[in-house]
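Biologist: Could you show me the model, so that we can go through it together?

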Amino acid sequence: MINRVTSSSSSTLMLADLGDAQRALTDIQRQVASGKRMQRASDSPAEAVATLDHRGHLRRAEQLDRNSDSATQWLEASDRTNQTVIDQLNQARSLVVQAQSGANDASSRTAIANQLLALRQSMLGTANSTVMGRPLYGGTTAATTAYDAAGAYLGDGGAVTLPVNEGVSLQVTRTGPEVFGTYNATTPTSGDAFQLLSSLAASVQANDVSAISAGLTQIDGATTRVQGVQVELGSRLSQLEQLRSAGAVHRDELSASISQLEDVDVAEAAITLKTREASYQAALQVTARIIQQSLMDFLR
Amino acid sequence: MSDFTTLQTALSGLLAHRRAMEVIGHNIANANTDGFTRRTLSLKPVGSTGAPAVFARSNSVGEGVDVVGVTRLREEFLDIKMRIALGAGGSAGQVASVMNQIEGTVPEPSDTGIAQQLSEFSGAWDDAAANPGDVPIRTALLEQGATLASTINRTAAGLTDIRTQLVSQLSTDVDQLNADARSVAGLNTAIIAATASGSDASDLQDQRDLIIDRMGRTAGVTTRQQGDGSVDVFLGGSTLVRGGNADGLKVVIGGTLDPPYAGMPLQKVDVRWISDGYPVNQLSGEVAGKLVGIDTLVPQYLNDLDGVASRLVSTVNALHATGHGLAPADVNLNFFDPAGTTAATISVSTDVAGQPSRIALAGATGGALDGSLGHAIGGLVDSPTGAGAAYRSFIGRLGVDTQTAVRRSDIQTRITTQVDSDRKSATGVSLDEEMTSLVATQRAFEASSRVLTAVDQLLDQLINRTGMVGR
């Protein structure tokens with residue numbers, strides 16, 4: 001009974017086959033037109049989840065790269081100002097050496113003392129450098145400057161750290177006391193750099209030879225402290241550069257994987273499109289031929 | 001045997017083949033009619049006598065042909081197969097369509113979906129944490145949070161809309177099924193009457209089969225042919241149509257969903273018998289597919305999305321409450337409203353809405369411009385226990401389920417097509433076959449009339465030319 005072929009049974013099967021062929025054709029056409037292999041997650045669930053995962057990591061990596069931009073700004077600003085502070089301390093040192101030579105009269109000592117006070121003032125200006133509107137040496141304070149005009153520290157001890165890579169956070173600056181030393185109310189000579197310069201100016205004015213020579217050692221100590229910070233942050237800057245170039249490679253790899261998962265291989269898709277087009281046309285032609293055939297063409 | 005008997009024999013042949021030609025004409029005319037079953041004319045030879053008496057002898061060869069009736073060439077086995085296939089296909093197709101709709105509400109992978117917004121949200125925390133004193137950047141973070149919340153709200157609303165539409169379509173389906181049941185009952189009555197009076201009920205039967213097919217696609221029915229020509233229709237073992245009487249179904253909305261979705265604020269939807277109010281067992285067809293969508297699929301994915309939302313709210317709030325805003329006094333604040341832990345209700349908390357400076361970016365011990373907490377929250381979404389991972393597994397499960405549903409539906413469609421083709425090859429009209437029968441019938445008609453002519457000539461010889469010797 002099943003071997004009996006009727007026009008409706010054959011048209012049912014032919015329509016189903018033509019529908020399949022047309023669906024396959026539309027599918028590949030959409031892929032070629034959109035350039036995407038996956039239109040929805042159900043086209044390939046495992047790959048869809050993988051690509052979502054990669055996209056998430058890629059966006060996180062891009063965010064970390066933006067964080068690295070900020071970190072670079074902070075570190076470069078720190079490096080620059082630390083160098084300025086070192087230069088200023090060196091100037092102070094040569095002034096103190098000059099004062100030590102003993103061939104100075106009262107007026108030249110006054111001049112040296114005034115220069116030391118001017119240096120203190122400009123160092124205070126350097127200490128109030130800002131980066132992105134924030135005091136560089138102020139820690140996490142909301143104050144607009146790290147030191148007030150009198151040289152008192154306004155900031156806090158908070159560390160500014162930025163996540164720059166998966167699991168890597170860098171501290172990008174040091175607080176004022178870490179760079180300039182801690183304020184000492186009782187013995188100004190062992191206090192911070194600003195106290196030191198004021199007390200040295202006073203000693204030069206008073207021609208206190210022992211205090212002047214002790215000040216020389218103290219200036220050297222202050223310089224060493226700033227240099228330590230500079231070396232630390234400088235090495236962090238080079239570490240950051242390495243992390244960023246590794247991050248760039250990682251992002252490229254992620255983009256490549258995403259493209260591999262999502263994008264159509266154009267050559268392959270074009271060939272598949274042509275093949276399916278040809279088979280659809282063949283199916284249409286054959287169907288048209290068969291439907292035309294009837295016994296009536298042959299009966300007289 | 002009289003000489004005129006052969007005339008009657010020839011006449012019966014003429015009449016029978018005229019009738020056969022009518023049947024062929026009807027078949028050809030209905031070659032493309034949906035649900036039409038081809039017919040043939042059943043003929044039987046007319047014997048001279050019935051059972052001859054003992055020792056009686058008869059040299060009669062028969063007295064022509066008689067029309068027994070019109071036979072409808074229906075394969076009941078294929079009908080049963082077809083209705084099972086239609087029920088399974090209707091259910092699988094409906095589930096696939098629901099899954100496609102659900103997938104359509106979360107278009108992933110894309111550059112606009114929730115995954116992208118989660119990443120942008122996490123990026124906004126990092127951007128704000130890098131510049132904690134910058135209020136416009138904090139405002140941008142707040143906006144990003146609100147956008148993410150409203151996208152999740154919209155997706156939940158999309159899922160709920162799918163459910164609402166399914167419920168209204170289900171009512172339409174059930175109404176259609178009830179109307180069909182009444183039509184079948186009415187046709188049963190008409191067919192019983194026609195069969196009793198001996199008239200041809202084939203066209204009524206075709207119409208009834210067509211309606212029962214539709215009921216099969218809607219709800220997966222089974223049938224049993226009765227002796228009086230009526231067909232009883234069953235649904236899950238209970239009677240939907242018996243003879244001229246039809247029961248019906250109704251959609252009942254109310255009560256909580258079955259576990260594990262009992263706690264969701266959605267009402268259970270059920271299909272019950274009108275007569276006794278019991279639920280319908282073993283439903284299949286589109287009604288069953290819609291019920292699965294309404295009571296299982298949509299709640300399931302809504303529940304998954306709720307999981308993503310509550311994960312987002314709990315992880316972000318837990319960290320957020322430990323820190324402080326720009327003013328050190330702004331502590332113990334929530335970023336998301338702790339009351340809105342479902343996808344439909346997630347929103348930015350009133351603690352921070354419109355007050356970007358209150359967003360906690362600083363850790364408990366940090367200064368006002370500390371960003372450590374903000375960076376920590378920024379890393380939350382992509383952590384293995386974060387909302388991003390929950391969302392990805394949601395998308396993965398949805399993708400696999402949709403793929404499975406679509407494949408199952410494709411397979412069922414193929415089976416239905418094959419059974420449909422088998423049935424059409426058994427019951428459909430083959431024009432070649434009808435043409436052949438037409439030729440044979442035409443020839444038989446010609447031959448019968450030739451017999452008539454021959455007998456006529458015989459009688460002419462006998463009547464007009466016999467006994468004329470010597471004239």
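Biologist: What kind of model is it, and how are residues and chains labelled?

Modeller: This is a predicted model, in which local features need pLDDT of at least 70 and side-chain atom pairs count only at pLDDT 80 or more, while totals for chains, interfaces and linings use all residues. Residues are numbered from 1 along each chain as its sequence is written, and chains are lettered from A and ligands numbered from 1 in the order in which they are written.

Biologist: Which helices and strands does chain B have, by number?

Modeller: Chain B has nine helices and eight strands; helices (H or I, at least four residues) and strands (E, at least two) are DSSP runs, numbered from the N terminus.

Biologist: Why is chain B described as spread out?

Modeller: Its radius of gyration, taken over C-alpha atoms, is 39 Å, well over the 23 Å that the globule rule gives for 471 residues, so chain B is more spread out than a compact globule. The globule rule is 2.2 Å times the number of residues to the power 0.38. Along the principal axes, the C-alpha atoms of chain B fill a box of roughly 150 × 45 × 35 Å.

Biologist: What share of chain B is buried?

Modeller: Of its 471 residues, 42% count as buried. A residue is buried if 20 or more other C-beta atoms, placed from the backbone, lie within 10 Å of its own.

Biologist: Turning to chain A, what are its domains?

Modeller: Chain A is divided into domain 1 (8-35 + 265-300) and domain 2 (54-258), with bounds from an automatic or database domain assignment. The C-alpha centres of domain 1 and domain 2 of chain A lie 76 Å apart.

Biologist: How many residues does each chain bring to the contact?

Modeller: Chain A brings 46 residues and chain B brings 51 residues; two residues are in contact if their C-beta atoms, placed from the backbone, lie within 7 Å.

Biologist: Which element gives the largest share on the chain A side?

Modeller: That is α2(A), with 14 residues. On that side, α1 (7-34), α2 (45-100) and β3 (161-165) of chain A each supply at least two residues.

Biologist: What does B:Tyr391 contact, its neighbours within four places in sequence aside?

Modeller: B:Tyr391 is in contact with B:Ile114, B:Ala115, B:Leu118 and B:Val308.

Biologist: Now the sheet. What is the strand order?

Modeller: In chain B, an open sheet of four strands has the order β3-β4-β5-β6, with antiparallel pairing. Two strands pair if DSSP finds at least two bridges between them. β3 (222-225) and β6 (245-246) of chain B stand at the edges, each with a single partner strand, so one side of each is left without a neighbour in the sheet.

Biologist: Which residue takes a positive phi in the hairpin of β4(B) and β5(B)?

Modeller: B:Gly236 does, near 55 degrees, in a hairpin with two residues between the strands. B:Leu235 stands opposite B:Ser238 in β5(B).

Conventions
Buried ≥ 20, exposed ≤ 12 C-beta atoms within 10 Å, placed from the backbone.
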